[in-house]
Amino acid sequence: MSNETIIRTDYDRILASLDGLPDVATAGPSTVRSVNFIGTSQTFIITTYRMPDKGDTVFLEMISSEDKLRLAIPPKVVDAIVRQRDQLTTKVRRRIGKANAAARKARGEQPGFMKRKGAK
């Protein structure tokens with residue numbers, strides 16, 4: 001047996017505190033490989049744990065040829081990421097809706113709410 005000290009990171013401590021608990025639901029792991037335009041790649045492993053009344057904790061591991069990174073993303077940060085994604089989805093849908101309405105107006109089509117019932 002060696003005299004080396006085992007160093008547990010925050011990532012390891014948080015993961016160990018959630019893994020295997022009966023009331024914690026787990027999704028994952030999902031593996032995603034990203035290759036950029038110059039041909040280098042990064043591999044991401046994403047695992048999510050949901051604890052009742054506390055929210056989702058996301059564990060993110062990134063491996064590349066130069067580096068590796070492990071993050072435990074806490075529920076408040078995950079919630080902020082989800083809120084921002086939802087806001088962007090709303091903005092994009094609104095923009096597309098306005099563009100579609102302008103295109104229909106340019107073609108002379110009336111919006112559905114302005115058409116009379118039974119009119120041909």
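Helix H2 gives the most to the lining of the largest pocket, with 4 residues. The model is predicted, so to speak of local features a pLDDT of at least 70 is needed, side-chain atom pairs count only at pLDDT 80 or more, and totals for chains, interfaces and linings use all residues. Residues are numbered from 1 along each chain as its sequence is written, and side-chain values use heavy atoms, with hydrogens and water left out. Helices (H or I, at least four residues) and strands (E, at least two) are DSSP runs, numbered from the N terminus.

**The pocket**

- Rolling a probe the size of a water molecule over the atoms shows where empty space is left.
- On a 1 Å grid over the protein atoms alone, a pocket is an open set of points where a 1.4 Å probe fits, with protein on both sides within 12 Å along at least five of seven lines; lining residues have an atom within 4 Å of a point.
- About 160 Å³ of space lies in the largest pocket, where a volume is the space filled by probe spheres set on the points, and grid points are joined across faces, edges and corners.
- By type, the lining residues split into 5 nonpolar, no polar and 2 charged. Here Ala, Val, Leu, Ile, Met, Phe, Trp, Tyr, Cys and Pro count as nonpolar, Asp, Glu, Lys and Arg as charged, and the others, Gly among them, as polar.

**The sheet**

- You'll find 4 strands in an open sheet, in the order E1-E2-E3-E4, and the pairing is antiparallel. Two strands pair if DSSP finds at least two bridges between them.
- E1 and strand E4 (68-73) sit at the edges with a single partner strand each, so one side of each is left without a neighbour in the sheet.
- Neighbouring strands of this sheet are turned by 10 degrees against each other on average, direction ignored. For angles like this, axes are lines fitted to C-alpha atoms (for helices, over the stretch in contact), and angles run from 0 to 180 degrees between N-to-C directions.

**Strand by strand**

- E1 and strand E2 (residues 41-51) run antiparallel and are joined by 9 bridges.
- Across that pair, Ala27 has Thr48 in E2 as its bridge partner, Val32 stands opposite Phe44, and Arg33 stands opposite Thr43.
- The hairpin of E1 and E2 has 5 residues between the strands, and Gly39 in it takes a positive phi near 95 degrees.
- E2 and E3 pair in the antiparallel sense over 10 bridges. Phe44 has Met62 in E3 as its bridge partner, and Thr48 stands opposite Val58.
- In the hairpin of E2 and E3, with 3 residues between the strands, Asp53 has a positive phi near 65 degrees.
- E3 and E4 pair over 6 bridges, again in the antiparallel sense; Phe59 has Ala72 in E4 as its bridge partner. They form a hairpin with 3 residues between them.

**Helices on the sheet**

- H1 lies across E2, strand E3 (55-64) and E4, and runs at about 135 degrees to E3.
- Helix H2 (residues 75-106) packs on the sheet too, touching E3 and E4, and its direction makes about 85 degrees with that of E3.

- Thr57 lies in strand E3 and is buried, with a relative accessible area of 9%. Buried means under 20% relative accessible area, exposed over 50%, and partly exposed in between (1.4 Å probe, protein chains only).
- Leaving aside neighbours within four places in sequence, Thr57 is in contact (heavy atoms within 4.5 Å) with Ile14, Leu18, Thr47, Thr48, Tyr49, Ile73 and Pro75.
- Lys68, in strand E4, is exposed, with a relative accessible area of 69%. Its contacts, with neighbours within four places in sequence left aside, are Met62 and Ile63.
- Pro22 is in the loop between helix H1 (10-18) and strand E1 (25-35). Pro22 is exposed, with a relative accessible area of 81%.
- Pro22 and Met51 are 29 residues apart along the chain, and their C-alpha atoms are separated by 9.8 Å.
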